[in-house]
Amino acid sequence: MIVFAVIFILMGIIFDNAFFFPAFMLVLLYYFYNYNADRSYEYIFENESFTVDVIRGKRRRKNEQYLYYKDLEVVAPPDHELVRKYKKQGGTEKLKKYDYTSYEENTPYYTMIIKRNDEKIKLLLDLDEQTLRFLKLRYPQRVFLQ
């Protein structure tokens with residue numbers, strides 16, 4: 001996109017000023033694409049709460065979820081029998097789903113069912129071993145590992 005923008009700018013300088021508008025639009029499109037495509041997630045586990053932050057474009061941080069451990073129902077791999085009833089296809093219960101996974105091939109993700117404002121929600125999370133051990137020690141009857 002940037003290469004085409006430079007070509008349009010050069011064409012605008014050499015031929016006609018009408019080529020500046022597509023160049024401007026390509027630069028604007030590249031900025032918004034880069035902002036939305038580069039997305040990472042940070043999970044913050046504190047004493048009584050759990051927070052999910054979304055970091056866009058490596059610069060802007062937004063707090064997406066602020067939840068309490070006391071409302072935790074289950075944390076398990078997506079194919080575990082306790083979260084199977086919440087699956088999109090074949091599940092019996094429909095919940096609002098929030099996907100905070102990286103979609104990396106070798107990174108396993110976990111499904112967390114938790115209450116927020118008196119409604120159950122489903123979170124898909126990339127949890128590391130240390131976080132899983134912390135949750136397992138704190139809530140052994142609610143956390144299931146692979």
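A residue is called buried under 20% relative accessible area, exposed over 50%, and partly exposed in between. In this predicted model, lysine 120 has a relative accessible area of 27% and is therefore partly exposed. Glutamate 73, at 30% relative accessibility, likewise counts as partly exposed.

The side chains of lysine 120 and glutamate 73 form a salt bridge, with an N to O distance of 2.9 Å. This pair connects distant parts of the chain: lysine 120 belongs to strand E7 and glutamate 73 to strand E4, and 47 residues separate them.

## The four-stranded sheet

Strands E4, E6, E7 and E5 make up, in that order, an open sheet with mixed pairing. Its edges are formed by strand E4 (72-76) and strand E5 (96-100), each of which pairs on one side only. From one strand to the next, the twist averages 20°.

Strand E7 comprises residues 119-125 and pairs with E5 in the parallel sense, over 5 bridges. Within the sheet, lysine 96 stands opposite isoleucine 121 of E7.

## The loop between E6 and E7

Asparagine 117 is located in the loop that joins strand E6 (110-116) and E7. Its phi is positive, about 55°, although the residue is not a glycine. With 73% relative accessibility, asparagine 117 lies over the 50% cut-off and so counts as exposed.

Aspartate 118 lies in the loop between E6 and E7. This residue, also other than glycine, has a positive phi near 65°. Aspartate 118 has a relative accessible area of 80% and is exposed.

A salt bridge joins the side chains of arginine 116 and glutamate 119, at 3.6 Å from N to O. Glutamate 119 is partly exposed, at 38% relative accessibility.

## Further salt bridges

Side chains of opposite charge can pair when their charged atoms come close. The model contains 8 salt bridges in total. One of the pairs consists of lysine 70 and aspartate 71, whose side chains meet at 3.8 Å, N to O. Lysine 70 is exposed, with a relative accessible area of 64%, whereas aspartate 71 is partly exposed at 25% relative accessibility.

Salt bridges also link Glu42, Asp53 and Arg61 in a network.

Conventions: Residues numbered from 1 in each chain as written. Predicted model: local features only at pLDDT ≥ 70, side-chain atom pairs only at ≥ 80, totals over all residues. Heavy atoms only, no water. Pairing = 2+ DSSP bridges. Helix = DSSP H or I, 4+ residues; strand = E, 2+ residues; numbered from the N terminus. Axes fitted to C-alpha atoms, helices over the stretch in contact; angles between N-to-C directions. Buried < 20%, exposed > 50% of the residue type's maximum accessible area, 1.4 Å probe, protein only. Salt bridge = Lys/Arg side-chain N within 4 Å of Asp/Glu carboxyl O.
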